[in-house]
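Here are my notes on the packing in this model. Please read them with the structure open.

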Amino acid sequence: MATFLYRIGHFAYRRAWLVIGVWVIVLGGILGANAALGGTTQESFAIPGTESQEAIDKLAEVFPQAAGAAVQVVYQAPDGASVSDPAYQAAITEMGTELADLKGVTSVVDPFSEYASGAISDDESTAITKVQLSGESSDVSDATIAAVVATAGTAEDAGLTVAFGGQVFQDNTFGITVTEIFGVLFAGVVLVITFGSLMSAGMPLLMALVGVGVAIGGIGAVSAFVSVSSTAPMLAMMLGLAVGIDYSLFILSRHRTQLANGVDPHESASTSVATAGSAVVFAGITVIIALLGLLVVGIPFLSVMGLGAAFAVLISIAVAITLLPAVLGLAKGRLAPKPGSRAHRRATTPDTGRPTLGHRWVAIVLKAPVVAVLAVVGILGVMAIPALSLDLNLPDSASEPVESTQYQAYRMIEKGFGPGYNGPLIVVVDITQTTDIVADLDTISADLRDLPDVAFVSAGQPNATVDTAIIQVMPDSAPNSPKTKELVQSIRDIAPSINDDLGTPVTVTGATAVSIDISNRLTNALIPFALIVVGLSIVLLTMVFRSIFVPVKAALGFLLSVFASLGATVAIFQWGWLADLIGCPTPVRSSASCRSCSWPCSSAWQWTMRCSWCRACGRSSSRRATPAALSCTASRTPLGWSPRPP
């Protein structure tokens with residue numbers, strides 16, 4: 001490997017303009033292809049092979065009006081009023097008529113129509129109009145969304161509060177922000193301080209930017225042919241910048257050190273690519289193996305993310321071992337540290353035995369290596385404990401900005417109907433073999449009502465060709481609650497008996513079921529993913545170090561750091577620890593609810609423990625603590641007397 005890399009470095013240095021010209025053509029060609037093809041990213045959470053996805057595909061064929069994107073228009077009457085009051089009812093009906101006339105809207109179910117069941121809350125303070133759009137969420141245009149939102153004035157003029165919910169309003173896209181720009185500038189400042197030279201500091205940044213440009217352009221061009229999530233180019237950009245700077249930094253640092261010691265620039269560049277470049281290649285291959293491990297999960301959008309990021313790392317390796325030595329060939333000896341500078345002294349001062357900070361630290365560790373190992377393992381082990389509570393979920397409207405209309409709709413539905421109405425389940429029934437459709441659908445609905453954690457079950461609705469029917473099931477718990485996941489599994493568990501008794505195959509789908517299937521597949525893939533990545537990494541490191549101990553030690557350290565990272569992630573993003581400190585919104589969890597009124601104890605605030613008293617009805621909800629022991633983490637108000645959220 002070293003000999004091969006030496007030859008590459010030698011050729012690139014000697015034919016600098018040729019190598020640079022090739023990279024300019026590659027960069028320009030890929031960026032031009034990206035612009036010409038007009039590829040765009042889109043959020044697609046399709047997971048082939050799962051029950052929920054197969055049910056969606058079937059609905060798209062036989063029940064298209066139920067398979068497209070849906071919008072929930074939520075109305076809330078003023079305090080003490082009812083949405084059934086004539087003025088409010090007329091406004092809601094008029095707004096429904098306006099919605100039905102919009103382009104891209106296939107159907108509108110008015111909450112007061114005979115076809116709407118469960119669309120008005122028990123206290124009649126809240127109502128929901130269900131709007132069905134043509135196509136999936138990713139296919140709905142911004143113009144259609146804007147037109148839907150524009151109709152709100154009709155109901156708002158009557159005094160109603162209006163909010164819009166549904167997947168089409170969720171913003172799951174990611175783009176370049178000022179944060180990434182500041183990151184590049186900060187990296188530049190650090191490189192200037194490290195090298196003491198603008199030319200030397202600019203080279204790693206230039207190499208990283210070229211690599212990122214090629215990677216992003218390539219991913220953008222591919223997005224014209226396959227579905228690419230917006231997170232894929234962002235992940236590629238972040239990894240490309242990180243490894244692109246690091247890999248070039250390794251080689252450049254070795255080159256400058258050799259120049260300071262009088263090595264010929266040509267020989268120094270070739271040797272640097274052969275030595276530091278070997279570390280770059282093997283480090284990059286290890287990262288690529290880890291990223292390609294995402295293919296094991298079997299979820300298309302994650303596979304594309306892994307492939308895109310792996311491509312970015314591969315390009316960074318190629319840039320570091322070809323383009324960088326070519327640029328070094330143009331700079332020749334001008335990159336040598338100036339005599340007398342800190343960089344020159346650091347590179348040329350012989351080892352006098354005087355301990356540096358690094359030497360002192362290593363000496364401290366080696367005095368009691370067992371203590372150091374136990375301390376590191378103990379600290380990381382404690383940090384990894386929260387990982388046992390890892391709960392994987394896709395983002396929903398509860399994670400949207402508080403001021404957004406989808407978040408307001410989520411909270412209005414939760415307050416008026418209960419948290420489960422934010423995650424309806426769609427039960428798809430094949431009725432091609434049944435002889436008494438109405439009776440069989442009623443029987444299935446009754447069976448579903450008997451399941452635990454069910455708040456509402458609609459009547460069965462056949463399609464126009466009377467071969468498929470859908471039944472809507474509203475859980476009692478929030479969409480990301482473990483109880484909702486158990487309900488989905490319960491429906492699937494009784495499906496075989498329903499089919500045996502009635503001859504009607506039953507499947508469950510909907511956004512919540514899709515999210516659950518993705519979460520389950522991710523959870524099931526964690527162990528195979530870890531085994532494949534760690535196993536291949538051990539094989540690779542064994543080839544490099546000709547040792548078993550070093551690769552095994554590295555693998556154990558990798559696993560320990562990964563589990564500690566997962567534990568920290570759970571503690572911050574699920575439990576809310578230090579969330580305010582780092583600017584992350586406190587997560588919403590419905591871990592407990594009042595036994596009397598079923599109000600979720602964590603629907604608006606994160607509590608220090610499970611609820612002891614319900615803030616909605618004031619009754620005891622748990623025997624684990626007393627009201628005095630609990631308080632709202634935001635206002636420090638005792639839980640038993642905290643106000644009901646707006």
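Predicted model: local features only at pLDDT ≥ 70, side-chain atom pairs only at ≥ 80, totals over all residues.

1. Residues are numbered from 1 along each chain as its sequence is written, and side-chain values use heavy atoms, leaving out hydrogens and water.

2. The largest nonpolar core has 50 residues. Such a core is a set of buried (under 20% relative accessible area, 1.4 Å probe, protein chains only) Ala, Val, Leu, Ile, Met, Phe, Trp, Tyr and Cys residues joined through side-chain atoms within 4.5 Å. Trp23, Met203, Ile251, Leu323 and Leu328 touch the most other members. Elements giving two or more residues include α1 (2-14), α2 (16-37) and α12 (300-331). Helices here are DSSP runs (H or I, at least four residues), numbered from the N terminus. α12 gives the largest share, 14 residues.

3. Leu323 is in contact (heavy atoms within 4.5 Å) with Val19, Ile20, Trp23, Met207, Val210 and Ala318, leaving aside neighbours within four places in sequence. Another core, of 24 residues, lies apart from the largest one. Its members include Ala77 and Val162.

4. The axes (lines fitted to C-alpha atoms over the stretch in contact; angles run from 0 to 180 degrees between N-to-C directions) of α11 and α19 (residues 511-545) come within 9 Å. They cross at roughly 165 degrees. The two helices are therefore roughly antiparallel (over 145 degrees).

5. Phe282, Ile285, Thr286, Ile289 and Ala290 in α11 meet residues of α19, among them Phe529, Leu536 and Val544.

Note on methods: Parallel < 35°, antiparallel > 145°, perpendicular 65-115°, else oblique.
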